[in-house]
Amino acid sequence: MASIATRHIFLAVVLPARTGEASLPVLLSVECGRPLEEGVSMLALQRVLDLACVAFFLVAGVLLAGAGADATAILPRAAAVLALLVTGVLLLRPVCTWLAGLSASTRRPLAFLGRAARHVAALGWRQLLLATATSLATWLCTYAACWLLLLSLATPDALGDAVRVSFPVSLIGTTGLHLSAVLPVSPLAGVGTWEMGWVAGYRLAGLTEDAALASAIVSHALILGFIVLLGGVAW
């Protein structure tokens, strides 16, 4: 499972337009014998929880950082997104229970959707809460890693002003990167969209344009190298 998850992340990051996301259900089917619709349902659930967690940490960053007017202005929208996604998680089971009826359809796409929905509907509330807690813990580690990477660049001869970025402020800055990662038009290895999201987020967090761009390039190179290394080991 660790190998499949690592290869999935590798392909999702490296391949353009997020086409690598399809590797998770395929690998689960080929290597573990799991139904394709089960892998699709789990991937969809992961992404819903991902968006909810990113919205949660953005709201937490704005509330804890005492950010400037620009950041505060987006708080109502971020809170609305978070509320919408939390509502979506709560509605997952009843909606998927209703969609599961499509599994008897004579149309293959609808029948596939119904079978995928049935897998989510079969999850208990305890499982959904555990999955949500696991996702929050994972994203906390991801945000912390990006912040520590930024601080490591804060030397007198380099990005000295990066030392001013506290962890709550970094929650705002790094969210720009995570939101850019979901763009379906991302190029090979996310070159360009990664930098665009990081710069937008950390400019909002208070870094100068030069510091934001430099840290974006370095963070992209290091994190991509780490993902490629782990992906190669997993393959």
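Ala189 is buried, with a relative accessible area of 12% (buried means under 20% relative accessible area, exposed over 50% and partly exposed in between, with a 1.4 Å probe and protein chains only). This residue belongs to the loop between helix 8 (167-181) and helix 9, where helices (H or I, at least four residues) are DSSP runs numbered from the N terminus. Phi of Ala189 is near 60°, a positive value in a residue other than glycine. Arg18 likewise has a positive phi near 60° and is not glycine. Arg18 lies in the loop between helix 1 (2-14) and helix 2 (23-32), and is partly exposed, at a relative accessible area of 23%.

The model is predicted, so local features need pLDDT of at least 70 and side-chain atom pairs count only at pLDDT 80 or more, while totals for chains, interfaces and linings use all residues. Residues are numbered from 1 along each chain as its sequence is written, and side-chain values use heavy atoms, with hydrogens and water left out.

The mean pLDDT (the predictor's confidence in each residue, from 0 to 100) of the protein chain is 88, and 96% of its residues reach 70 or more. Confidence is lowest in helix 4 (residues 69-73), at a mean of 58, and highest in helix 2, at 96. Where pLDDT is low, the predicted coordinates should not be read in detail.

Helix 9 (residues 193-204) and helix 10 (residues 209-234) have axes that come within 9 Å and cross at roughly 135°. Axes are lines fitted to C-alpha atoms, for helices over the stretch in contact, and angles run from 0 to 180 degrees between N-to-C directions. The two helices are therefore oblique to each other (under 35 degrees counts as roughly parallel, over 145 as roughly antiparallel, 65 to 115 as roughly perpendicular and the rest as oblique). Contact (heavy atoms within 4.5 Å) involves residues of helix 9 including Trp194, Trp198 and Tyr202, and residues of helix 10 including Leu213, Ile217 and His220. By class, this contact has 9 nonpolar, 3 polar and 3 charged residues; Ala, Val, Leu, Ile, Met, Phe, Trp, Tyr, Cys and Pro count as nonpolar, Asp, Glu, Lys and Arg as charged, and the others, Gly among them, as polar.

Gly231 is also found in helix 10 and is buried, with a relative accessible area of 0%. Leaving aside residues up to four places away in sequence, Gly231 touches Thr6, Arg7 and Phe10. The C-alpha atoms of Gly231 and Phe167 are separated by 28 Å, the two residues being 64 apart along the chain.
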